[in-house]
Amino acid sequence: MKIMVINGPNLARLDIRDSSIYGDLNYAELKSLIETSASSAGMQADVRQSNDEATIIGWLHEAADAKLPVIINPAAFTHYSYAIRDAAELLKAPLIEVHLSNPMAREEFRHTSVISGVASGTIAGFGPNSYVLAINALKSLLG
Ligand code: DQA
């Protein structure tokens, strides 16, 4: 079973982001954790990152066409990208929204997710383990 894992802006620079908020893994280590966890769950994860809204929308269209399940950390786009929300709504398989931090425990502008309404569920606040939990959630959703 193939899944697409999409990471939004600034997530490739976890090496220089605040580790007390985002955890200790750099992006390469996070990618490897996702690939290994997916593989243990019997899935093949295609893990991508972009700082560009249009690129992420294109990937969501690709996943919709291929009927792929998606795990997405939209990063700052979570809070305002109606275009990513509309693209996510086109998916034919489950969508899990993930966050490393718990946005509800942070600044007020992070309390809104425009993506959650089109996701099967959201997992936030567990650092890199949020992705592992999302993979397990997908596995149980897909049976
Ligand atoms: C984030 C939370 C967002 O508010 C923030 O803009 C990010 C990362 C997270 O994974 O905790 O870039 O999505």
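## The ligand and its pocket

In this predicted model, a polar side-chain atom of Arg17 lies 3.1 Å from an oxygen atom of the ligand, a polar contact being a pair of N or O atoms within 3.5 Å. Residues are numbered from 1 along each chain as its sequence is written, and side-chain values use heavy atoms, with hydrogens and water left out. Because the model is predicted, local features need pLDDT of at least 70 and side-chain atom pairs count only at pLDDT 80 or more, while totals for chains, interfaces and linings use all residues.

Polar side-chain atoms of other residues also lie at such distances from ligand oxygen atoms, as the table shows for His99 and Ser101.

| Residue | Distance from polar side-chain atom to a ligand oxygen atom |
|---|---|
| Arg17 | 3.1 Å |
| His99 | 2.8 Å |
| Ser101 | 2.6 Å |

Of the 320 Å² of accessible area that the ligand has on its own, the protein covers 98% (areas come from the Shrake-Rupley method with a 1.4 Å probe). The residues around the ligand, each with a heavy atom within 4 Å of it, are Arg17, Tyr22, Asn73, Ala75, Ala76, His79, His99, Leu100, Ser101 and Arg110.

The space that the ligand takes is the largest pocket, where a molecule counts as sitting in a pocket if more than half of its atoms lie within 2 Å of the grid points. A pocket here is an open set of points, on a 1 Å grid over the protein atoms alone, where a 1.4 Å probe fits, with protein on both sides within 12 Å along at least five of seven lines; lining residues have an atom within 4 Å of a point. The largest pocket holds about 180 Å³ of space, and among its 15 lining residues Arg17, Tyr22, Ala75, Ala76 and Arg110 lie nearest its centre.

UniProt, in an unreviewed entry, lists Asn73, His79, Asp86, Leu100, Ser101 and Arg110 under "binding site", although such annotations may be inferred rather than shown by experiment. These residues span 38 residues in sequence, and their farthest two C-alpha atoms are 24.0 Å apart, so they do not all gather at one spot. Of them, Asn73, His79, Leu100, Ser101 and Arg110 belong to the lining of the largest pocket.

The unreviewed UniProt entry also places the feature "active site" at Tyr22 and His99, which are spread over 78 residues of sequence yet cluster in space, with a largest C-alpha distance of 9.0 Å. The lining of the largest pocket includes Tyr22 and His99.

How values were computed: Polar contact = N/O pair within 3.5 Å; in protein donor to acceptor, adjacent residues only side chain to side chain. Points joined across faces, edges and corners; volume = space filled by probe spheres on them.
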